[in-house]
Every structure is written in structure tokens, then in C-alpha cells.
Amino acid sequence: MTARIGVVTFPGSLDDRDTQRAIRLAGAEPVALWHKDKDLGQVDAVVLPGGFSYGDYLRAGAISRFSPVMESVIEQAKGGLPVLGICNGFQVLTEAHLLPGAMLGNDHLHFICRDQKLRVENATTAWTGDFRSGQEIHIPLKNMDGRYVADEYTLDKLEAEGRVVFRYLDFNPNGSLRDIAGITNEAGNVVGLMPHPEHAVESLIGTGRTDGLPFFTSILKKLVNA
Amino acid sequence: MARVVVDVMLKPEILDPQGQAVQRALPRLGFEGISDVRQGKRFELEVDGPVDEAALARIHDLAESFLANTVIEDFTVKVEEAAEAVK
């Protein structure tokens, strides 16, 4: 049986198709989910893709967090459903309080688009099992509101519990505190990151590397072995 | 009809690069002596019916859960006296 991985499309999502394609390349079955659907339709995991849902009005991810589909995602994520939020999806996850902290405008006030080097700090989450802890990867990054912030207590707690999953290497592209590029929840089923693994799954395009593919093979392996 | 104003500001410890950009532009415009600028948001809510305690409590909930993200922002809620006579 093939794992079914839902990809939510909000008004303003941009990378939903790329994410579906990455899931297909990894060998799983992508399932298109619509933001108005309350029913997730028997998916084994959900990805919230990148883009500018609701035009980033109010705050990035703030309006989509209240969409009907998110009611189910929040409820099921708390019950253990694996959820990956990429870029705007990460912003939605912090707005939904499934992940701690918040995302703010880049400290230099510019949109940024570059190939970004990251270190995988935690290779035990549902979405990072196919990496090695300490592995250095390159995946594209493109955002306007990528500055991760949280209070000192939360940052210390994340570090102590190994919940910083990815850190920016060589260059901090947005002023994120402690160079944090991605984090996970306590259970390790919910992961959010700003860079875009779905844009690094084929050697022909993007960075020319496939460093993003292990995200999607990790979850597939986890679901098949579950 | 009455107006309720919700002001939202980044918490003091959160870096506000927009405010800083505004502050840095001030000397170029001839405004001296302003050492810091922080930029916030103002929401003006036109409320149907009386703004009683229950209505204010609901608006407070709305501000806390939606208009502001209390992880990074503080907010205040105040009722604005109608400047023009309400017909």
C-alpha cells in the first residue's frame, strides 16, 4: 500500500504542485487538499506548502490558520499525524501554535532568494529520518518573512530538547534567532522550516542537487514501517 | 454604531527593522532628536449595537487570538467616542 500524503492548497499557495511532484518522486501518493475541506480524506501525513496564503495579510499565515482544513490538521497533528510546513506552511504552523515562536519580516527588509546551506541538527523526526545528524545540505530559500523569533526560555528549551532541526550555515539570511531554520514539536511529528526541500528533488533543476528528497523519503519510510 | 480601536505593537524586546528604517530616514528629512521609532498596526472596528462589557470582551478575545499574535505583539483595546453625531 502506498502512503497517501496530503498537500493543502490555500488561496495564494505557490508550491503545492512542486510539493506534490516531490512526494510522487519519493514514491508516495500525493493527495490534493483544499483549504475549505474539513475532511482530510484518510491521508497518512500532510504538507503545508510554500507561498503567500491570503496575501500574507495581517501576518504571514495568520488568516489561513483559521481555514476549515486547519481545524482538522491541528486536531490530528496533536494526535500524532505527521505534518510538514515549508516556508508559508511553517508560518501557518507557528500561527496555529503547533510549533512555538513566531515568524517576522526579514531583518534586512528585503525578499531573499538563494541556495542556502543548512545543517541537519535532528535526524530523528518523522521528516528527517533519512538524513544523518550533523549532515550539511543545500536547498533553496526564498522568503520575505523568514525571521524566526521566540523568547529566551523557549529558545533554550528547544535547544535542550533537540528540537532545533535545521540551522543556517555560513550565512543567516533573515536574522532568525540562533540561526534557526527549522524546528519540531515535542513529539517530532510536526516539523517546520523556511527553506524549500521540494525545489531540490531533481538533479536537472534548482541547486543541481537532490538534498530535498530525503524529507519525502523519510516520511514514506516511516509510514511504511509504522 | 460605535468604533472600537485595537492597537497592536511588537513587544519591546522584538527587533523592528521597519521602525528602524523610518528612524534612520528622519535626519535626512531634517527631523532631529528622535532616538527611536517603532511601527505598529491600528485596527478600527465598527461595531453594530452597544459596546457593552460583553461586546468588549468578545473584541478582546478577537484581538488576542487573531489581530495580534501575543507571542510577539502586545495590544490595547479602546472605545472611541463617536466624533460625528450618529443618526
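**A first tour**

Tutor: Let's start just after α3(A), where His97(A) takes a positive phi of about 60°. Keep in mind that this is a predicted model, where local features need pLDDT of at least 70 and side-chain atom pairs count only at pLDDT 80 or more, while totals for chains, interfaces and linings use all residues. Residues are numbered from 1 along each chain as its sequence is written, chains are lettered from A and ligands numbered from 1 in the order in which they are written, and side-chain values use heavy atoms, with hydrogens and water left out.

Student: Okay, and how many residues of helix α3 of chain A are buried?
Tutor: Eight of the eight, residues 88-95, so the helix is largely enclosed by the rest of the structure. Among them are Phe90(A), Val92(A) and Leu93(A). Buried means under 20% relative accessible area, exposed over 50%, partly exposed in between (1.4 Å probe, protein chains only). Helices (H or I, at least four residues) and strands (E, at least two) are DSSP runs, numbered from the N terminus.

Student: What about Ser218(A), buried or exposed?
Tutor: Ser218(A) counts as buried because its relative accessibility is 4%. You'll find Ser218(A) in helix α5 of chain A, residues 213-225.

Student: And which backbone nitrogen does its side chain reach?
Tutor: That of Gly129(A), at 3.2 Å. Beyond neighbours within four places in sequence, Ser218(A) is also in contact (heavy atoms within 4.5 Å) with others, including Trp127(A) and Asp130(A).

Student: Switching topic: how many residues of chain B are in contact with chain A?
Tutor: 16 residues of chain B, against 15 residues of chain A. Between them the chains bury about 1200 Å², 70% of it on carbon and sulfur atoms. Buried area here is the accessible area (1.4 Å probe) that two parts lose on being put together, summed over both.

Student: Which three residues of chain B supply 40% of the area it buries there?
Tutor: Pro17(B), Phe66(B) and Asn69(B), and that's more than any other three residues.

Student: How many salt bridges cross the interface?
Tutor: The rule finds one, with the side chains of Arg59(A) and Glu73(B) meeting at 3.7 Å, N to O. The rule asks for a side-chain nitrogen of Lys or Arg within 4 Å of a carboxyl oxygen of Asp or Glu.

Student: Which elements of chain B touch chain A?
Tutor: α1 (17-25), β2 (41-47) and α2 (53-67) of chain B each supply at least two residues of the touching side.

Notes
Polar contact = N/O pair within 3.5 Å; in protein donor to acceptor, adjacent residues only side chain to side chain.
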